Amino acid sequence: MSTRTFRITVRGVFDGLDAEQRAALQARAAEHDVFTAAFTPEGTLTYDVAARPAFTFRFSDTGDDEEDILVATELAEEKAAAWLTERGYGYKNLRSTAEDLSMAPLGKRGRREAGR
């Protein structure tokens, strides 16, 4: 049995930020830019509070079975909520999507190489 790799995206909206919190987020916005985002076990946060109060966390996880994606998704949501709570950021509307990369369709190049 091979290990499956999961990519989990947790999205939400900052809620009830005060001026100080908003300023702190804006000051660190370059560290959380979408162009530097990656799927990592710890999670990568992206946002642009100047444009809108939404955020995205990107997580990676692994599992042995197809059903492990459900546990990985729940864990990712818990990690995102914990990160926000530890820093005193209010949030709402957490929702997640997850992808099992072993089930992802191969790109054009992958199909050609697999067909050899």
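This is a predicted model: local features need pLDDT of at least 70, side-chain atom pairs count only at pLDDT 80 or more; totals for chains, interfaces and linings use all residues.
Local features need pLDDT of at least 70 and side-chain atom pairs count only at pLDDT 80 or more, while totals for chains, interfaces and linings use all residues. Residues are numbered from 1 along each chain as its sequence is written, and side-chain values use heavy atoms, without hydrogens and water.

The largest pocket has a volume of about 270 Å³ (a pocket is an open set of points on a 1 Å grid over the protein atoms alone, with protein on both sides within 12 Å along at least five of seven lines; points are joined across faces, edges and corners, and a volume is the space filled by probe spheres set on them). Its lining (residues with an atom within 4 Å of a point) comprises 16 residues, of which Tyr47, Asp48, Arg52, Ala54 and Thr56 are the closest to the centre. At least two lining residues come from each of β1 (4-14), β2 (44-47) and β3 (54-63), and β3 gives the most, with four. Strands (E, at least two residues) and helices (H or I, at least four) are DSSP runs numbered from the N terminus. Seven lining residues of this pocket are nonpolar, three polar and six charged (Ala, Val, Leu, Ile, Met, Phe, Trp, Tyr, Cys and Pro are nonpolar, Asp, Glu, Lys and Arg charged, and the others, Gly among them, polar).

One cavity of 30 Å³ or more was counted (a cavity is a set of points where a 1.4 Å probe fits but cannot get out). The largest cavity holds about 50 Å³ of space and is lined by Ile8, Pro41, Phe59, Ser60, Asp61, Ala72, Leu75, Ala76 and Lys79. Two or more of these residues are given by each of β3 and α2 (68-86), with the largest share, four residues, from α2. By class, six residues of this lining are nonpolar, one is polar and two are charged.
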